[in-house]
Amino acid sequence: MRVYVPLTLPGLAEAYKTGELGTGPLVAYAVTPGLREWYLSDDIEELEYAALNRAALASLRLLAADAAAVRRRVVVAVDVPDGVAVTDPDRGLDPAALGEVRIDGGVALAKAAAVHVDSGDAEADVASAAEALEAADGGDDDAQFVVDGADDHELLWFATQEIPNLVGPLD
């Protein structure tokens, strides 16, 4: 099963240093029954793109909580065995939890298929979106427009071999 793990660049640097995407439980996003029902498509590529976008929003939330992080959303695509990533049945109909899955243990970075990261051109819009997120969550339509502006930037695809270039030198 392909899952999309939201991170920040400091989180990716830590994963590169330790070789693991957290120790668990880990929140990720995948093509779940709820996401399928919400998206109304049978095209697996479209559904995976929707799951990637849900993870990008979660990455934005991580950025909003870490003022020191570079303002680029980061999502790591990882293949895990079926049954490892599970949905929370209590949150199945919650719109905020669409595509959300939990992985109890850590996931080796070596299992990553690719990394998706914003380009430098997106930093100003992503920074504005991170600042507007709380107001958007509170129902502010203008703030939601700013948050949606981050989605105008497609995440770039990087091979896992490019992670050292993305995170820079580690101290």
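Hi everyone. Let me begin with a definition: helices here are DSSP runs of H or I with at least four residues, strands are runs of E with at least two, and both are numbered from the N terminus. With that in hand, look just after α4, where G139 takes a positive phi of about 100°.

A word on the source. This is a predicted model, in which local features need pLDDT of at least 70 and side-chain atom pairs count only at pLDDT 80 or more, while totals for chains, interfaces and linings use all residues. Residues are numbered from 1 along each chain as its sequence is written, and side-chain values use heavy atoms, with hydrogens and water left out.

Let's stay with α4, residues 123-137. Its 15 residues should span 21 Å at 1.5 Å a residue, and the end C-alpha atoms are 21 Å apart, which agrees; the expected span is 1.5 Å times one less than the number of residues. Still, α4 bends by about 40° at E131, the bend being the angle between axes fitted to the seven residues ending there and the seven starting there.

Which residues of α4 are buried? They are V126, A127, A129, A130, A132, L133 and A136. Buried means under 20% relative accessible area, exposed over 50%, and partly exposed in between, with a 1.4 Å probe and protein chains only. These buried residues pack against α3 (44-65) and α5 (141-150).

Over in α3 we find A50. A50 counts as buried because its relative accessible area is 6%. Leaving out residues up to four places away in sequence, A50 touches L35 and Y39; contact means heavy atoms within 4.5 Å. A50 and A30 are 20 residues apart in sequence, and their C-alpha atoms are 8.6 Å apart in space.

Now to the strands. In β1, residues 2-7, five of the six residues are buried. β1 runs antiparallel to β3 (residues 74-79), joined by six bridges, and two strands pair if DSSP finds at least two bridges between them. L7, for one, has V74 as its bridge partner in β3.

Next comes T8, in the loop between β1 and α1 (9-18). Is T8 buried or exposed? T8 is buried, because its relative accessibility is 8%. Beyond its neighbours within four places in sequence, T8 is in contact with L62, L63, A69 and V74.
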